[in-house]
Amino acid sequence: MQNNTVLVTNNEGLCRNVRRGRFVGGSSLDVLVSVRNSVHLGSRLLTHPLCGNLRPYQQPFRSILIQEFPGELVDLDSLSMIEEAVSVYRSCEDRLIRPEDLNEPTRVDYAFIDGELMKESLERYGMLPRHAALSPAPLIKHTPQEKEVN
């Protein structure tokens, strides 16, 4: 039996650490649109597209697990959830943080948070190789000039 579970993400480091990942360059909204396109082609959501306790414009990274069923009928529950998520993100699109707009230490921190939000689901669906562990964000000493966040 083929494993049809895929992580769709704009978190490049997380994508490299999973068994099947699809990297989406761009914002968290770009990830949602990519997932919505997959749902229209028969995929089903395995994780909620609005997980986490951060506002959409505070999450430069978004990762979603889907199960691909090419050619299948559209799963209406998945379609409803992803359409709602796209709508929420579009309502604050002008405030979305793009990963490339962040300085390196801040980008690493947000990527780590995204990985932690996905860790349990990735383990549940067997997406992490047995030897793999998600790396914690490195501790970085900030100089006064580096404390400003974009």
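Predicted model: local features only at pLDDT ≥ 70, side-chain atom pairs only at ≥ 80, totals over all residues.

Biologist: OK, and how many bridges join E1 to E4, and which way do they run?

Modeller: Five bridges join them, and the two strands run antiparallel.

Biologist: What holds strands together like that in general?

Modeller: Strands in a sheet pair through backbone hydrogen bonds, in a parallel or an antiparallel way.

Biologist: What's the strand order in the sheet?

Modeller: The order is E2-E1-E4-E3, in an open sheet of four strands with mixed pairing. E2 (21-23) and E3 (44-45) are the edge strands; each has a single partner strand, so one side of each lacks a neighbour in the sheet.

Biologist: How many bridges tie E3 to E4?

Modeller: Two, and E3 and E4 (residues 63-67) run antiparallel. Leu45 sits opposite Ile66 of E4 there.

Biologist: Is E4 mostly covered or mostly open?

Modeller: Mostly covered, with four of its five residues buried.

Biologist: How far does H4 reach, end to end?

Modeller: With 21 residues, H4 spans 30 Å from its first C-alpha to its last, close to the 30 Å expected.

Biologist: Where does H4 bend?

Modeller: At Met118, by about 45°. Met118 is also one of the buried residues of H4; others include Ala111, Asp114, Gly115, Ser121 and Leu122.

Biologist: What do those buried residues pack against?

Modeller: The buried residues of H4 pack against E1, helix H1 (12-16) and E4.

Biologist: What follows H4?

Modeller: Gly126 comes after H4, and its phi is positive, near 65°.

Biologist: I'm curious about a couple of threonines. Is Thr106 buried or exposed?

Modeller: Thr106, which is in helix H4, has a relative accessible area of 14%. The cut-off for buried is under 20%, so Thr106 counts as buried.

Biologist: What does its side chain pair up with?

Modeller: The Thr106 side chain makes a polar contact of 2.7 Å with the side chain of Asn103.

Biologist: And where is Thr47?

Modeller: Thr47 is in the loop between E3 and E4. At 10% relative accessibility, Thr47 is buried too.

Biologist: What does the Thr47 side chain reach?

Modeller: It reaches the backbone nitrogen of Leu65, at 2.9 Å.

Biologist: Which residues is Thr47 in contact with, beyond its neighbours within four places in sequence?

Modeller: Thr47 contacts Ile64, Leu65, Met118 and Ser121. You've met Met118 already: H4 bends there. Ser121 came up as well, as one of the buried residues of H4.

Terms used
Residues numbered from 1 in each chain as written. Heavy atoms only, no water. Pairing = 2+ DSSP bridges. Expected span 1.5 Å × (residues − 1). Bend = angle between axes of the 7 residues up to and from the residue. Buried < 20%, exposed > 50% of the residue type's maximum accessible area, 1.4 Å probe, protein only. Contact = heavy atoms within 4.5 Å. Polar contact = N/O pair within 3.5 Å; in protein donor to acceptor, adjacent residues only side chain to side chain.
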